[in-house]
Amino acid sequence: MFWKFDLHTSSHLEALLDKEDVTLAELMDEEDVLQECKAQNRRLLVLLCQDQSMQELVRLITTEPPTGVEETKRFKYPNIACELLTSDVGVINDKLGNEEPLLESLYAFLEQPSPLNPLLASFFSKTIGNLITRKTEQVISFLQKKDGFLSLVLKHIDTSAMMDVLLRLISCVEPPPLRLETLTWLNEQKLAQRLIELIHPERDEERQSNASQTLCDIIRLSRDQASQLQEISQPDPLLTVLESQECVEQLLQNMFSGERTESCIVNGIQVLLTLLEIRRPVVDGVMDAQGFERSYTVNSSILLAIQPHLIHFHQLLLEPPKREPMLTTLGVLEEPLGNTRLHVARLVASLLYTSSASHAVVAQELCRLNTLNLLLDLFFKYTWNNFLHLQVELCVAAIVRPCAHEMRLQPGLVTQEKVKPHPDNGQCEAWEGNDKIQSDRGMRRGYMGHLTRIANTVVHNLEKGPVHTQISSLIAELPEDYRGRWETFVDQTLSETNRKNTIDLVGTGNPRPSSEDDMESPFPKELTIQQAFSDYQIQQMTANFVDQFGFNDEEFTDHDDSIGATFDRIAEININIDAGHDSANTAVFEACSKERIQPFDDEEEDIWEEKEINYATQPAATEAEEKGWAKFTDFQPFCW
């Protein structure tokens, strides 16, 4: 047993600490040095906090190690040094954060020429980030005295670790008054404008990408922290600048100045999409029925800045940056859709979902440019690009199903300003073409699922949506033959498709929702086979529980609170313990059990018993085999 062995060995680290001339390198060679440091070994911390040791630790994480050895061994000591400096031990934080010579040595890393070693940059970022969190006032005061700090960080922004330094300054400074002071300092240094200047066709792609990601993170962090800054009745200065019309116009001018590169356009659109976010996906918080945690109102200045440039985005849909033909599983795609056009589609969908009072200006321009019909053309052209299909579906849904608060802002918006595609709009032709392909045993077109959802959205809002009158008038304006085809399509083709897509489980009576009303509930009505199987198991478990403990149904309900929260659902289950009743759920349970549970052989097998080796024999050739057709019985394994 384990207690027969003496696992208590004397620590070699303690023996090293007894030496008068022990070196830092010898200590760092010990496997348990980091563990002992975090355990706050007093003798070890005294040695590490000596001036010479601290200077050496900082030098290791900021100086390129000598070459000529393997990369893993080359960065061994810098990695351990970083872990020691960021071990979150109070005496180490105090030593590093309170002594300016050590901070100067750390800061000198930023003064090195580009490009920085990415691994050393990550060590620097982790160390300075820990100090910003733990020694906030001292580090902020030190950095504010450095006139060139922000310039140096932006100079190295092509290294992703520098993004983390900026985000630490924005998100990890406490308390709120000190955070506001830090944000004001960064704003005075024109952080937002200088990041936007980096999103330019003349900049390298890595620098553009990191600048764009930093701006997106700043916007989201600033909005998330807005409630905390409300305590001091001051708006976030960085967010105020980023949402200003001047700042958005500067970004758009950079995107469309000179040669229009995909990198610049895509990174710029990502910033615009973040500015247009009205809801954030839930991460670690309370979410609403749609799975979002917080809503924001889009600043009108953002839309006013975008509106004059909508023609440029429309032109990008027509003439995107040149791309080479792409080999796909379905053949060569001579003209790929490209990331640029996909991001433009995302931007249009986001613009249509905004609820600002300036929405009418954007909607008018989209109507004039006929942008949505162009997107629909791309929808049918790129049969297999489901990313595009989703964005077009969102555009249509935003048009025919406007938000209630949006209609209150602009009562005539839906009628007069929004893009008004005919509900036919190629749907009937696309459906007929797909049916013809499938009748010839061809592959179902990739957009058919989205096309079904678009058609159901139009039909649903035609019947009882907030703009059903406008949709009805549009259908009435169609030529008679088109209107007849549309009505036939809805009554026959779409209805049959919805029927096939509806799953009515045996014994459940819960069909899969075919209308959007059913899908709006946070608790869907549909049940899958697995859910039915699980519910039946719970019923059987409950019945056994009732039988074993002698409760009847009423007693079980009365004692529900005493049993505990685990059985909260059981009181709502219709318990059927009639053994002779062969219900549909019983059949489902038995069918699943046969598939999932394999019977065991009652005879216990001796795994050490020697067994005769039986080699698989080849059966006599049949007529099918003579023709070269394989049978599964040909692939029998050997039995050992």
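Modeller: The chain has 38 helices and four strands, where helices (H or I, at least four residues) and strands (E, at least two) are DSSP runs, numbered from the N terminus. This is a predicted model, in which local features need pLDDT of at least 70 and side-chain atom pairs count only at pLDDT 80 or more, whereas totals for chains, interfaces and linings use all residues. Residues are numbered from 1 along each chain as its sequence is written, and side-chain values use heavy atoms, with hydrogens and water left out.

Colleague: What makes a residue count as buried, and what percentage of the 640 residues does so?

Modeller: Buried means under 20% relative accessible area, exposed means over 50%, and partly exposed lies in between (1.4 Å probe, protein chains only). Of the 640 residues of the chain, 42% count as buried.

Colleague: Why is K190 called partly exposed?

Modeller: The relative accessibility of K190 is 47%, so K190 falls in the partly exposed class. K190 lies in the loop between α14 and α15 (191-197). Its phi is near 60 degrees, which is a positive value in a residue other than glycine. Q40 also has phi near 60 degrees, and Q40 is placed in the loop between α3 (33-38) and α4 (42-48).

Colleague: How do you know that Q225 is buried, and which residues does Q225 touch?

Modeller: The relative accessible area of Q225 is 7%, so Q225 counts as buried. Q225 is part of the loop between α16 (205-224) and α17 (226-229). Not counting residues up to four places away in sequence, Q225 touches I170, S171 and R179; contact here means heavy atoms within 4.5 Å.

Colleague: Why is the aromatic pair of W431 and F489 called edge-to-face?

Modeller: A pair of aromatic rings is described by the distance of the centres and the angle of the planes. Rings of Phe, Tyr and Trp (its six-membered ring) pair if their centres lie within 6.5 Å; planes under 30 degrees apart count as stacked, over 60 as edge-to-face and the rest as tilted. The centres of W431 and F489 are 4.9 Å apart and the planes stand at 65 degrees, so the pair is edge-to-face. W431 belongs to helix α29 (residues 427-439) and F489 to helix α32 (residues 480-501), so the pair ties together parts that are 58 residues apart in sequence. Both W431 and F489 are buried.

Colleague: How many aromatic pairs does the structure hold, and which residues form one aromatic cluster?

Modeller: There are ten aromatic pairs in the structure. Y107, F142, F149 and W185 form one aromatic cluster.

Colleague: What makes K146 count as lying over the face of Y107?

Modeller: A charge sits over a ring if NZ of Lys or CZ of Arg is within 6 Å of the ring centre and within 35 degrees of the ring normal. K146 lies over the face of Y107, at 5.1 Å from the ring centre. R485 lies over the face of Y482, at 5.9 Å from the ring centre.

Colleague: Why are helices α22 and α25 called roughly parallel?

Modeller: The axes of helix α22 (residues 310-318) and helix α25 (residues 371-381) come within 11 Å and cross at roughly 20 degrees. Axes are lines fitted to C-alpha atoms, for helices over the stretch in contact, and angles run from 0 to 180 degrees between N-to-C directions. Angles under 35 degrees count as roughly parallel, over 145 as roughly antiparallel, 65 to 115 as roughly perpendicular and the rest as oblique. The two helices α22 and α25 are therefore roughly parallel to each other. In their contact, H314, L317 and L318 in α22 meet T371, L374, L375 and L378 in α25.

Colleague: Which residues of α25 are buried, and what covers them?

Modeller: In α25, T371, L372, L374, L375, L376, L378 and F379 are buried. Their cover includes α22, α23 (338-353), α24 (359-369), α26 and α30 (448-464). In helix α26 (residues 386-400) is V392, which touches L375, L376 and F379, not counting residues up to four places away in sequence. V392 is itself buried, with a relative accessible area of 0%.

Colleague: Where do the cis peptide bonds at P115 and P175 lie?

Modeller: The bond from S114 to P115 is cis, with omega near -5 degrees, and P115 lies in the loop between α9 (100-107) and α10 (118-134). The bond from E174 to P175 is cis, with omega near 0 degrees, and P175 is in the loop between α13 (161-171) and α14 (176-188).
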